[in-house]
Amino acid sequence: DIEFDNVVGAQDLQLNTGTYTNSSGEQFTITTLNYFVSNIVLQNTDGSTYTVPRNDSYFLIKEENPSQLISLSNVPAGNYNGISFVLGVDSLKNTDPVENRTGALDPAGDAAGMYWVWNSGYIFLKMEGTSPVLPAADNAYFYHIGGFGGYSSPTINNIKTITLSTTGATAEVRKNKIEAPHMHILADALKVLNGPVPISIAANPMVMFSPFSVNIADNYKSMFTIDHIHND
């Protein structure tokens, strides 16, 4: 089991009610935080890896859901102390016939609102909210970041591969264990704004498919850390 625990700096993420401050000194709330996790590879302490079968390796994490827990089946026995995954959806799956994009990738189902029909591509990360630095009408900002470098977006590729590891506990996968090991990953939404390129909400309140989006993607590449692993 892998849990994605969304936080904002040292605070738990509270949709709509939590108030946070970025490195530009701007206060903001978060009303939506969604992102795709895909192409998962587990790192064993013996140096080997296990790649989750491609069609079983697409997940949509939504803070609004009661749980951000994903479960991986048929993982070989081993002691796993690392993981890599793509934040986003790879170009092959982006261009698959729609009938092959089911479950978390179904644009008419679970992925509704996370797919640009006009641009034929998935939104890898969606973060929306309000900030008092914006006009008083609705104070709304939004960041819808995608672009897989494909035929419709040859110059923008915001697919990011995240690699995490721990030198402490390992996820002990065994056939005879009743409970699955649990890897707890923190996802810090503040890093979307506070990264190599500090993002001012006032200066950039709405970012979608534009060259500036690569700055936000470069920022959110560092939003994940393994907090702990436990074996029940």
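User: Why is Asp90 called buried in this predicted model?

Analyst: Asp90 has a relative accessible area of 13%. Buried means under 20%. The value falls under that cut-off, so Asp90 counts as buried.

User: What makes Asp90 and Arg54 a salt bridge?

Analyst: Their side chains meet at 3.7 Å, N to O. The limit is within 4 Å, between a side-chain nitrogen of Lys or Arg and a carboxyl oxygen of Asp or Glu. Arg54 and Asp90 meet that rule, so the pair is a salt bridge.

User: How do you know that this pair links distant parts of the chain?

Analyst: Asp90 and Arg54 are 36 residues apart. Asp90 sits in the loop between β9 (78–87) and α1 (91–94). Arg54 sits in the loop between β6 (49–51) and β7 (58–62).

User: Is Arg54 buried, exposed or partly exposed, and why?

Analyst: Arg54 has 34% relative accessibility. Buried needs under 20%, and exposed needs over 50%. The value lies in between, so Arg54 is partly exposed.

User: How many salt bridges does the whole structure have?

Analyst: A search finds 3. One of them joins Asp96 and Lys93, with the closest N and O atoms 3.2 Å apart. Another joins Asp218 and Lys160, at 2.7 Å, N to O. Both distances are within 4 Å, so both pairs qualify.

User: What makes the Asp218 and Lys160 pair a tie between separate parts of the chain?

Analyst: Asp218 lies in helix α2 (residues 213–220). Lys160 lies in strand β13 (residues 160–165). These parts are 58 residues apart in sequence, so the pair ties them together.

User: Which of these residues are buried, and which are partly exposed?

Analyst: Lys160 has a relative accessible area of 14%, which is under 20%, so Lys160 is buried.

User: Why is helix α2 called largely enclosed?

Analyst: 6 of its 8 residues are buried, so α2 is largely enclosed by the rest of the structure. The buried ones are Ser213, Asn215, Ile216, Ala217, Asn219 and Tyr220.

User: What covers the buried residues of α2?

Analyst: The cover includes β9, β11 (121–130), β12 (140–146), β13, β16 (206–207) and β17 (224–230).

User: How do you know that Asn219 is buried?

Analyst: Asn219 is at 0% relative accessibility. The cut-off is under 20%, so Asn219 counts as buried. Asn219 is found in helix α2. Leaving out residues up to four places away in sequence, Asn219 touches Lys191, Val192, Leu193, Gly195, Pro196, Val197 and Ile199.

User: What makes the chain as compact as a globular protein of its length?

Analyst: The chain has 2 helices and 17 strands. Its radius of gyration is 18 Å. The globule rule gives 17 Å for 232 residues. The two values are close, so the chain is as compact as a globular protein of that length.

User: What share of the residues is buried?

Analyst: Of the 232 residues, 49% count as buried. The chain exposes about 10600 Å², and carbon and sulfur atoms supply 50% of that area.

User: What share of contacts joins residues at least 24 apart?

Analyst: Among contacts between residues at least 6 apart in sequence, the share is 71%.

User: How far apart are the mean positions of the positive and negative charges?

Analyst: The mean positions of the 11 positive and 22 negative charges are 7 Å apart.

Conventions. Residues numbered from 1 in each chain as written. Predicted model: local features only at pLDDT ≥ 70, side-chain atom pairs only at ≥ 80, totals over all residues. Heavy atoms only, no water. Helix = DSSP H or I, 4+ residues; strand = E, 2+ residues; numbered from the N terminus. Buried < 20%, exposed > 50% of the residue type's maximum accessible area, 1.4 Å probe, protein only. Contact = heavy atoms within 4.5 Å. Rg over C-alpha atoms; globule rule 2.2 N^0.38 Å. Areas by Shrake-Rupley, 256 points an atom, 1.4 Å probe, with all protein chains shown as cover. Lys, Arg positive; Asp, Glu negative; His and termini not counted. Charge placed at Lys NZ, Arg CZ, Asp CG, Glu CD.
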